[in-house]
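Please keep the sequence and the structure in view while reading.

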Amino acid sequence: MCGSGDLRRLLPHLAGVVVESVKRVAGTVTLRGRCEVLPVRCSSCEMPSWRVHGRYARRLVDTPVGGDGVVIELVVRRFKCLNLRCPAATFVEQIKGLTSPHARYTPLLRAALTSVAVALAGRPGARLAAALHIPAAKDTLLQL
């Protein structure tokens with residue numbers, strides 16, 4: 001098995017993630033990890049915060065590796081904003097180049113699906129995506 005440095009060279013968009021485990025089950029590679037950067041800046045006011053308010057798991061679908069689908073399971077932290085004038089009482093850490101609020105796809109996969117959607121649109125695009133081991137419904141492609 002490759003070390004974390006090898007994994008970062010293979011998947012550079014995971015540079016901000018501490019990968020804790022890699023598991024392959026039924027044609028899906030699952031990477032479990034977390035972010036360990038402190039302090040984290042508030043998305044509204046940019047004030048740094050160290051106060052962790054809670055944690056939760058987040059699942060992102062990534063581009064296939066070796067013909068297998070990839071799912072990234074991240075444990076992200078919710079922080080308390082320390083700026084009393086900030087409209088955001090809490091905020092969730094974002095990993096640059098990997099996560100954005102409410103996203104279910106990595107930017108790399110989103111770009112690939114957008115290219116398929118522009119070229120083929122609905123059902124034909126969904127068929128091509130399935131052949132590339134990227135599960136995407138026709139409606140998802142049309143939204144992109």
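## Overall layout

Of the 144 residues in the protein chain, 34% are buried. The model is predicted. Its secondary structure comes to four helices and seven strands. Read from the N terminus, the order of elements is α-β-β-β-β-β-β-β-α-α-α.

The C-alpha atoms of the chain fill a box of roughly 50 × 40 × 20 Å along the principal axes. Take the contacts between residues at least 6 apart in sequence: 52% of them join residues at least 24 apart.

## Surface and charge

The protein chain exposes about 8900 Å². Carbon and sulfur atoms supply 56% of that area. Charged side chains number 21 positive and 9 negative. The centres of the two sets lie 6 Å apart.

Which residues form a nonpolar patch on the surface? Leu38, Met47, Trp50 and Leu82 do, with about 380 Å² of accessible area together. One of these residues, Leu82, sits in the loop between strand 6 (68-80) and strand 7 (90-92). Leu82 counts as partly exposed because its relative accessibility is 33%, which falls between the 20% and 50% cut-offs.

## Salt bridges

How many salt bridges does the structure hold? There are six.

| Pair | N to O distance |
|---|---|
| Arg34 and Glu20 | 2.3 Å |
| Arg24 and Asp68 | 2.4 Å |
| Arg59 and Glu73 | 2.7 Å |

Start with Arg34 and Glu20, whose side chains meet in a salt bridge. Arg34 belongs to strand 2 (residues 28-34) and Glu20 to strand 1 (residues 18-25), so the pair ties together parts that are 14 residues apart in sequence. Arg34 is partly exposed, at a relative accessible area of 27%. Glu20 is partly exposed as well, at 49%.

Next comes the salt bridge between Arg24 and Asp68. It links distant parts of the chain: Arg24 is in strand 1 and Asp68 in strand 6, 44 residues apart. Is Arg24 buried or exposed? Arg24 counts as exposed, because its relative accessibility is 62%. Asp68 has 10% relative accessibility and therefore counts as buried.

Arg59 lies in strand 5 (residues 52-65) and Glu73 in strand 6, and the two are 14 residues apart. Arg59 is exposed, with a relative accessible area of 52%. Glu73 counts as buried, because its relative accessibility of 18% is under the 20% cut-off. Which residues do salt bridges with shared partners join into one network? The network consists of Arg32, Arg59 and Glu73.

## Strand 6 in brief

Several of these details meet around one element. Strand 6 holds Asp68, the partner of Arg24 in strand 1. Strand 6 also holds Glu73, which pairs with Arg59 of strand 5. The loop between strand 6 and strand 7 carries Leu82, a member of the nonpolar patch. Asp68 is buried at 10%, and Glu73 is buried at 18%, whereas Leu82 is partly exposed at 33%.

Note on methods. Residues are numbered from 1 along each chain as its sequence is written. This is a predicted model: local features need pLDDT of at least 70, side-chain atom pairs count only at pLDDT 80 or more; totals for chains, interfaces and linings use all residues. Side-chain values use heavy atoms; hydrogens and water are left out. Buried means under 20% relative accessible area, exposed over 50%, partly exposed in between (1.4 Å probe, protein chains only). Contact means heavy atoms within 4.5 Å. Accessible areas come from the Shrake-Rupley method with a 1.4 Å probe; for residues, only the protein chains shown count as cover. Lys and Arg count as positive and Asp and Glu as negative; His and the chain ends are not counted. The place of a charge is taken as NZ of Lys, CZ of Arg, CG of Asp or CD of Glu. Patches are made of residues with over 30% relative accessible area and no salt bridge: like charges are joined within 9 Å, nonpolar side chains (Val, Leu, Ile, Met, Phe, Trp, Tyr) within 5 Å. A salt bridge is a side-chain nitrogen of Lys or Arg within 4 Å of a carboxyl oxygen of Asp or Glu.
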